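Please look through the sequence and the model below before reading on. The paragraphs after them move from the whole chain to the ligand and then to single residues.

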Amino acid sequence: MKIKPKKTPMREQDPKERIKNFNEVPFGYTEEEAVIEAERCLQCPKPLCIEGCPVNVDIPGFIKAIRERDFDRAIKIMKNTNSLPAITGRVCPQETQCEERCVLGKKFEPVAIGRLEAFIADWEAKRGIKIPEKPKPLNIKVAVVGAGPAGLTCAADLSKMGYDVTIFESLHLPGGVLTYGIPEFRLPKSIVEREVNYIKDLGVKIQCNVVVGRTVTVDDLFKEGYKAIFIGTGAGAPRFMKIPGENLLGIYSANEYLTRVNLMKAYKFPEYDTPIKRGKVVAVIGAGNVAMDAARTALRMGAEKVMIVYRRTEKEMTARLEEYHHAKEEGIEFHWLTTPVRYIGDEEGWVKEMEVIKNKLGESDESGRRRPVPIPGSEFRMKVDMVIVAIGTVPNPLVAKTTGLKTGRHGVVIADENGRTSREGVWAGGDIVTGAATVILAMGAGKKAAKDIDRYLKEKYLNGV
Ligand SMILES: Cc1cc2nc3c(=O)[nH]c(=O)nc-3n(C[C@H](O)[C@H](O)[C@H](O)COP(=O)(O)OP(=O)(O)OC[C@H]3O[C@@H](n4cnc5c(N)ncnc54)[C@H](O)[C@@H]3O)c2cc1C
Ligand code: SF4
C-alpha cells in the first residue's frame, strides 16, 4: 500500500472564531480519521518511537490495535504505561519526543502519535472509563506531595502495585500546571478532571488545601505512618528580569495571570468574581509554551494587539511548534531579538510604555543556543498597557527548606536518576528536580520513583517479597 506522506489533518476552530472563545482549538480525530492515520504506521520491528517517549508507551502496539478497530485493546495497551493519555496526547511536544524518532519522519511527516493517543483516550471516555482490578493491599502508606503530573503518575503506579497512597495538594484542585497553567482552549479542565478521577478510581486519595511545609511537614507525615514520601511540587515560583518599573500596575507574571484566568476562571467574569486587567495592547516577554499560552489568553480576554517580545530568534524559542503556529494564525505579533530594559508608568502607576533594546546573536551559551548580545544605541519605546512576564519559573523553596533536602541551582532538589533525595525515605521528581520542563518528563520521573519506592519498601518492610 502506498504511504500517505502527510499526517491525516485534524479539523479545528477557525482562527477568527476561536480568538473569541476559550473552547478547545482542535476537534480531534473521528474513528475513520484515526484508522486512516494508524494505517500510516510502518510497524517497525525495532520501534525507535518508544525510546523517544519518557514513559515508554507501546506506540506500535496501540496503533496496530486502532488500525484493527480494536479500540478497547488500544486503550488497554496505552494505560499499561500512561495513566494520563488524553492529556499527553494534547500537550506533549511530540515533535521532539516520540514523533521525532518515527522512521516515517525521515522522508515524510511522522505518524501523528499524539493525536492518536488523544483519540483513543476520548473514545474510551465517551463509553465509560474502565478501572483495572485492584491488587491485593500491601497495607503500607505512601505520601505524595503535589498533584501535578509527576505526583499523579507516581501515585497511580504505586496504587496499582497495592500501596495505600495519599496525595497532599496545596491548591483547592488537583492537576498542577495542567489545571492552573495550561489554558482551557489547549487542555479543557473537564479532561484533566476526568483523568484525575481515573487516578482516584485506582484507589489514590487526594487531600487538597494542604500546604506541606506549613499545614503539615514531611516529618509529621513520617510520624503519621507514611513509609515513603514522593515530592512533586513543581517549579511554580515566577522569575522576573529585575529591571526598573517592573512593579508597575498592569505587569503580571505569566503564572499569576494564567492562574487567575484558568484556575480562578476570570474569563467567566462576572459569573466568577476574579479581578484581572483586560489589556488592550499587551506585551508578553519570552517565547516558551508559557508565553504562547499567556499571549493567546490575553487575545481571548479582549486585547486588540498582543506582541511576543523575545531576546533571541524563532530558531531558539522553546515553545511547541503547534502552539507557535496557532499563535501566528491568531494574529499574535512576534518581535524577535528584542529585550525590555525598563517600563514607564503613568501618573497613577499603571504601565504605559516599555523601553526595549535590539540584540544580535553571539556565541552559544550553556543551553547550546546562541546568546543575545545587546546592540548599543538601538533602544526604542513600545506603547503597552499590560505586560506579562514569561521568562521561566523556579521551585518554591518551602518543602526543601522544611525538610532539609539538598538543593542545587535555583533551588531545585537534588535527586538521583530514580528520584532518591539526600534524605532516606524521600523521593522527588518533575519540575522540582529538573526546573521547568515538560509534562511527560515529570510523568517519567514519577514512574521511575514509583518503581524505586516499591523496591525500597519491599526490601525494608516486606522481606524483599
Ligand atoms: C503555562 C504553561 C504551559 C505549559 N505547557 C506545556 C506543554 O504544552 N507541554 C508540556 O509538556 N509541558 C508544558 N508545561 C510544563 C509542564 O506543565 C510542567 O513541566 C509540569 O506540569 C511539571 O509537573 P510537576 O508535577 O513537576 O509540577 P506541577 O505541575 O507544577 O505540579 C506541582 C503541584 O504541587 C503543588 N504544590 C506546590 N507546593 C506544594 C506544597 N508545599 N504542598 C503541597 N502541594 C504543593 C502545586 O500546587 C501543584 O499542584 C507548561 C507549563 C506552564 C506553566
Ligand atoms: S506520552 Fe507523549 S512522548 Fe509518549 S507516546 Fe504519547 S505523545 Fe509521545
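What follows is a guided reading of this predicted model.

Because the model is predicted, local features are given only at pLDDT of at least 70 and side-chain atom pairs only at pLDDT 80 or more, whereas totals for chains, interfaces and linings use all residues. Residues are numbered from 1 along each chain as its sequence is written, chains are lettered from A and ligands numbered from 1 in the order in which they are written, and side-chain values use heavy atoms, with hydrogens and water left out.

The chain contains 18 helices and 16 strands, where helices (H or I, at least four residues) and strands (E, at least two) are DSSP runs numbered from the N terminus. Its radius of gyration, taken over C-alpha atoms, is 23 Å, close to the 23 Å that the globule rule (2.2 Å times the number of residues to the power 0.38) gives for 465 residues, so the chain is as compact as a globular protein of that length. Along its principal axes the C-alpha trace spans about 70 × 60 × 50 Å. Of the 465 residues, 54% are buried, a word that here means under 20% relative accessible area, with exposed meaning over 50% and partly exposed in between (1.4 Å probe, protein chains only).

The ligand comes next. Around ligand 1 there are 37 residues, of which Val 91, Glu 169, Arg 186, Val 212 and Asp 431 come nearest; a residue is counted as near if one of its heavy atoms lies within 4 Å.

Helix α14 has 12 residues and reaches 17 Å from its first C-alpha to its last, close to the 16 Å expected at 1.5 Å a residue, the expected span being 1.5 Å times one less than the number of residues. Because 10 of its 12 residues are buried, α14 is largely enclosed by the rest of the structure; among those buried residues are Asp 293, Arg 296 and Arg 300. After α14 comes Gly 302, whose phi is positive, near 105°.

Two residues other than glycine also deserve a look. Asn 139, in the loop between α8 (113-127) and β1 (141-145), has a positive phi of about 55° and is exposed, with a relative accessible area of 69%. Asn 209, in the loop between β3 (205-207) and α12 (218-223), has a positive phi near 60° and is exposed, with a relative accessible area of 52%.
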